[in-house]
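Hi,

Here is the structure I promised to pass on.

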Amino acid sequence: MSGSSTSCEDCLLIHPSCAWCAQEDFGKGRTLTSRCDFSHNLQRRGCQARYIEKPTSSLSVLQNMPLSSKGSGSTQYDVVQIAPQQISLSLRPGDQTFFDLQVRQVEDYPVDLYYLMDLSLSMKDDLDTIRNLGTKLAHEMGKLTSNFRLGFGSFVDKNMSPFSYTAPKYQENPCNGYKLFPNCVPTFGFRHILSLTDEVDRFNEEVQKQMVSRNRDAPEGGFDAILQAAVCKEEIGWRKEAYHLLVFATDDVPHLALDGRLGGLVEPHDGRCHLSNNSEYSASTRMDYPSLGLLGEKLAENNIFLIFAVTKRLYVIYKNFTALIPGTTVEILDQDSKNVIQLIIAAYNNIRSKVELTVWDHPEDISLSFTATCQDGKPLPGLKKCADLKIGDTVSFNVSVEARSCPPRGADHSFTIKPVGFKDRLEVTVDYQCDCGCSQTAQSNSSICSSIGTYNCGTCLCEPGYLGAHCECQEGEASSMYFSACREAEGKQICSGRGECSCNQCLCYESEFGKIYGSYCECDNFSCARHKGVLCSGHGECHCGECKCHAGYVGDNCNCSTETSSCASDDGQMCSGRGSCVCGRCQCSEPGAFGDTCEKCPTCPDACGTKR
């Protein structure tokens with residue numbers, strides 16, 4: 001491969017172990033000597049160490065405050081749950097570098113809980129149940145944190161057809177003429193009632209004032225309300241230094257993006273706060289419902305854990321939503337909300353028992369892979385989450401970083417690693433080792449290059465029409481004495497039949513398939529194994545008939561992923577302990593086991609044990 005590099009920068013891109021000799025007289029007396037090789041080979045062939053260019057990847061830690069042990073008290077404003085907090089990477093393409101980070105679920109961390117309740121007619125009995133919720137919840141949460149605040153909001157649906165009753169007689173009382181419950185308040189989208197406060201009696205007072213309303217179709221406008229509760233930070237009162245829990249209590253399915261078209265709403269949700277002076281959602285009848293993608297983005301941006309508290313018949317659909325919205329849990333709510341306190345405590349403990357890393361602003365040309373080391377101390381390659389933790393536990397992650405290429409000059413690259421729902425983050429800035437130091441002293445029209453080329457890093461870059469180590473030949477000159485240097489071996493074709501011999505050098509033909517290169521035009525970047533017609537499966541580079549796979553892929557055609565997170569079952573085991581992870585997919589070895597993670601196995605000996 002090294003024969004394809006005509007400059008120091010090209011050489012560095014071939015492989016992280018390649019080095020370049022910038023010594024002027026290197027290789028004299030021989031026909032063609034590649035300046036691109038392993039360092040020890042260059043030195044053995046006479047290149048002095050000071051002329052060898054071989055930058056390496058490096059890492060420097062810019063901020064590393066120790067992890068905190070408690071979350072409340074005098075230190076609550078500078079609690080640290082991730083270490084380090086800031087690092088800088090200098091990456092040479094292809095050269096993997098590693099760093100470790102630690103995450104701790106700090107004890108006694110402040111908690112902000114916003115209770116968002118469906119006030120459509122079917123939730124009347126639930127409203128009666130939670131009238132004194134504030135006092136009881138504060139008492140139970142007091143066992144988990146000494147710094148707890150509670151807020152309240154409610155929602156029904158968009159007050160427009162076909163979602164609600166819009167005839168004049170229903171405007172003030174949508175329950176008009178409904179025998180079972182003849183009086184209720186006008187329909188509204190989302191109403192923010194109580195900002196987060198530690199005065200739990202105020203929560204009880206406000207809840208006692210609430211009355212249910214009525215909408216027309218079965219689905220509710222709850223996702224409108226979730227988005228407003230997430231992005232209206234000042235109005236809701238979310239604190240920076242607290243866990244943000246958003247409890248969403250409902251007994252029906254939600255409307256999703258594009259449902260608004262039924263009512264003529266074609267403007268997508270803009271993801272912003274739209275609360276009027278009387279704390280109601282003012283864009284309810286102007287914008288469509290938010291999409292799951294937008295909802296997930298805004299919840300993550302504002303570090304909010306969403307808890308779906310839903311009735312049993314809705315559990316499956318909301319469980320499916322949790323797979324699409326990170327940091328979300330679902331719990332079953334009794335028909336009259338009697339179990340809501342136990343539900344919130346269980347969800348809180350569930351949230352605090354997990355740590356999952358997310359990557360923000362991930363640059364396309366950088367490969368990241370994670371190895372988690374959870375409480376048992378065993379490294380789990382390909383995983384970036386730990387479960388079954390106790391509050392106060394510390395887990396660590398090893399992160400491998402590799403740049404695949406050099407970005408355009410001046411491109412600023414950085415990314416952030418953040419545990420789901422935490423305000424803490426690790427900021428990573430990246431620069432690239434793509435330039436050779438010797439390029440800074442390049443001489444144009446140098447006498448070394450017959451004054452018709454630029455001398456750079458030991459070689460001449462000739463003006464168009466000139467060739468040779470010192471630009472001493474012109475294109476078109478030919479002589480039989482030169483041809484021997486253009487054959488790989490006696491009896492072989494000149495320039496492998498894929499180029500012309502000119503001035504001791506092979507000039508390789510251009511090809512519509514890619515690049516032909518090498519001292520004898522023996523290499524190209526298109527004659528490699530393919531997968532489904534794609535060269536090196538799109539996960540590697542073709543070099544001289546061989547696929548060089550990107551990080552995270554192996555195999556002759558790079559179609560085999562080494563990522564194992566897709567093989568991790570819910571209990572954290574690889575393929576549920578019933579198979580092995582091959583190319584990112586589980587191959588079940590236990591007779592009778594099947595499923596994406598071999599989780600289904602009616603005939604396995606432990607089938608009853610897992611259901612006990």
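Below is what I found on charged side chains, starting with the salt bridges.

Keep in mind that this is a predicted model. The salt bridge count comes to 14, and I picked out a few to walk you through.

Let's start with arginine 191 and glutamate 280, whose side chains meet in a salt bridge at 2.8 Å, N to O. This pair ties together distant parts of the chain: arginine 191 sits in strand E10 (residues 190–197), while glutamate 280 is in the loop between strand E11 (243–250) and helix H8 (292–301), 89 residues apart. Arginine 191 is partly exposed, with a relative accessible area of 23%, and glutamate 280 also counts as partly exposed, at 22%.

Are the two partners buried or exposed? Arginine 313 counts as exposed because its relative accessibility is 60%, over the 50% cut-off. Aspartate 252 is buried because its relative accessible area is 13%, under the 20% cut-off.

Then there is aspartate 128 with arginine 131, a salt bridge at 3.4 Å, N to O. Aspartate 128 is partly exposed at 39% relative accessible area, and so is arginine 131, at 21%. You will also find Asp112, Arg149 and Arg239 linked in a network of salt bridges.

Now for some acidic residues on the outside. Asp388, Asp570, Asp571, Asp596 and Glu599 gather in a patch of negative charge on the surface. One of them, aspartate 571, lies in the loop between strand E34 (560–561) and strand E35 (579–582). Its relative accessibility is 48%, so aspartate 571 counts as partly exposed.

Last, take a look at aspartate 100, in strand E7 (residues 97–104). Aspartate 100 is exposed, with a relative accessible area of 52%. What does it touch, leaving aside residues up to four places away in sequence? The contacts of aspartate 100 are Ala83, Pro84, Phe397 and Asn398.

Cheers

How values were computed:
Residues numbered from 1 in each chain as written. Predicted model: local features only at pLDDT ≥ 70, side-chain atom pairs only at ≥ 80, totals over all residues. Heavy atoms only, no water. Patch = residues over 30% accessible without salt bridge, like charges linked within 9 Å, V, L, I, M, F, W, Y side chains within 5 Å. Areas by Shrake-Rupley, 256 points an atom, 1.4 Å probe, with all protein chains shown as cover. Salt bridge = Lys/Arg side-chain N within 4 Å of Asp/Glu carboxyl O. Lys, Arg positive; Asp, Glu negative; His and termini not counted. Charge placed at Lys NZ, Arg CZ, Asp CG, Glu CD. Helix = DSSP H or I, 4+ residues; strand = E, 2+ residues; numbered from the N terminus. Buried < 20%, exposed > 50% of the residue type's maximum accessible area, 1.4 Å probe, protein only. Contact = heavy atoms within 4.5 Å.
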